[in-house]
Amino acid sequence: MERELALEFVRVTEAAALASARLMGRGNKNEADQAAVSAMRAMFDTVQMEGKVMIGEGEKDEAPMLYIGEKLGAGNGPKLDVAVDPVEGTNLVAKGLPNALAVLAIAPEGCLLHAPEAYYMNKIATGPIGRDVISIELSATENLNRLADAMQKDVSDLVAVILDRPRHKNLIQEVREAGARVKLITDGDVAAAVAAAQPNSSVDIAMGIGGAPEGVLAAAALKCLGGKMEGRLLPIDPSKFKSKEEINWDAHKGEPILTMDDLAKGDDVIFAATGITDGGMLRGVRFTKEIAQTQSVVMRSQTGTVRTVDANHRLDKKPEVFQKLVGYKK
Ligand code: VTB
């Protein structure tokens with residue numbers, strides 16, 4: 001992929017973040033998601049590419065979505081696979097809580113996991129130091145011990161980040177008994193996995209079952225950061241269940257292990273994210289009457305470059321359709 005595309009993709013996540021951030025804290029996650037989806041779609045239409053959504057959200061949460069198979073981009077450009085989550089953490093935006101991101105990953109055609117039937121994935125993720133020692137095949141205790149050794153730390157120094165869900169009761173207990181510190185999050189496991197792979201973050205490893213699209217997105221970022229992720233898809237459709245309590249969360253145990261290359265193949269992956277609400281990785285959107293500020297990160301696996309992009313957007317100079325999407329009033 002041409003490296004210039006990286007900046008184009010930042011424009012896409014910026015647009016999604018600007019549109020959904022305007023609706024922060026209104027208690028309506030679908031409204032915020034819809035705004036981000038529309039902005040993302042419109043901005044993709046300005047990029048010279050033939051993109052196709054390989055994995056996206058929406059299905060699992062019945063949210064307004066960029067659907068799997070949807071074509072994105074202006075055409076007449078490279079054929080690319082797209083993984084998207086216009087709002088990773090819709091609940092976070094609805095409540096104004098930290099760590100909501102607009103996020104995407106792009107790779108040449110055939111490189112991103114295509115798993116239309118999969119809604120959930122069991123995942124494990126860490127940074128470069130632990131890449132050769134952790135595995136989803138091992139127990140949480142073994143993973144923590146091996147990671148501590150590799151990092152020359154004590155297990156009690158490690159921080160494991162896990163989604164706070166009833167399905168993780170045993171995992172959380174095991175991690176506590178192994179002696180590690182635990183950070184429970186309500187949503188946003190992409191940001192959690194990325195944090196686990198970043199050198200100076202406050203977490204060392206991310207574990208547990210989260211969304212499948214979020215798994216592909218995190219793997220793309222970790223590829224750029226030199227970290228490691230493994231996953232196992234859960235072959236279940238949550239819409240077939242009355243409540244999540246009825247789901248057999250152990251159903252993934254016989255599923256094949258997905259390596260980094262199964263999730264995001266090759267070495268030509270771009271990951272971009274823009275903060276919607278403030279978080280450990282990125283600042284959220286700030287608005288004044290005429291100007292909105294965004295903070296984004298864009299990474300390329302080919303070179304391993306990680307760029308933070310701070311932008312001031314002159315809302316008064318944007319096209320009218322865009323002004324409408326971001327709620328600008330003259
Ligand atoms: C996670 C989290 C997302 O979905 O992937 C989670 O990172 C998993 O699904 O922000 P459940 O909520 O059903 O546990 C999200 O919360 C978004 O849907």
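Is Glu31 buried, partly exposed or exposed? At 28% relative accessibility, Glu31 comes out as partly exposed, where buried means under 20% relative accessible area, exposed means over 50% and partly exposed is in between (1.4 Å probe, protein chains only). The model is a predicted one, so local features need pLDDT of at least 70 and side-chain atom pairs count only at pLDDT 80 or more, while totals for chains, interfaces and linings use all residues. Residues are numbered from 1 along each chain as its sequence is written, and side-chain values use heavy atoms, with hydrogens and water left out.

Glu31 has a charged partner: Arg26 forms a salt bridge with Glu31, and their closest N and O atoms sit 3.2 Å apart. A salt bridge here is a side-chain nitrogen of Lys or Arg within 4 Å of a carboxyl oxygen of Asp or Glu. Arg26 itself counts as exposed, at 53% relative accessibility. By this rule the count comes to 15 salt bridges.

Another of these links Lys79 and Glu50, again with 3.2 Å from N to O. Lys79 belongs to strand S3 and Glu50 to strand S1, so this pair ties together parts that are 29 residues apart in sequence. (Strands are DSSP runs of E, at least two residues, and helices are runs of H or I, at least four residues, numbered from the N terminus.) Both ends are partly exposed, Lys79 at 44% and Glu50 at 37%. Then there is the pair Lys228 and Glu230, with closest N and O atoms 3.6 Å apart. Here Lys228 is buried, with a relative accessible area of 17%, and Glu230 is buried as well, at 9%.

Now for the domains. The chain splits into domain 1 (5-110 + 267-325) and domain 2 (118-263), with bounds from an automatic or database domain assignment. Their C-alpha centres lie 24 Å apart. The contact (heavy atoms within 4.5 Å) takes 26 residues from domain 1 and 23 residues from domain 2.

About 1,900 Å² is buried between domain 1 and domain 2, and carbon and sulfur atoms give 75% of that area; buried area is the accessible area (1.4 Å probe) that two parts lose on being put together, summed over both. Zero salt bridges were counted between the two domains. On the domain 1 side that touches domain 2, strand S1 (50-56), strand S3 (79-88), helix H3 (90-95), strand S4 (101-108) and strand S12 (291-300) each supply at least two residues.
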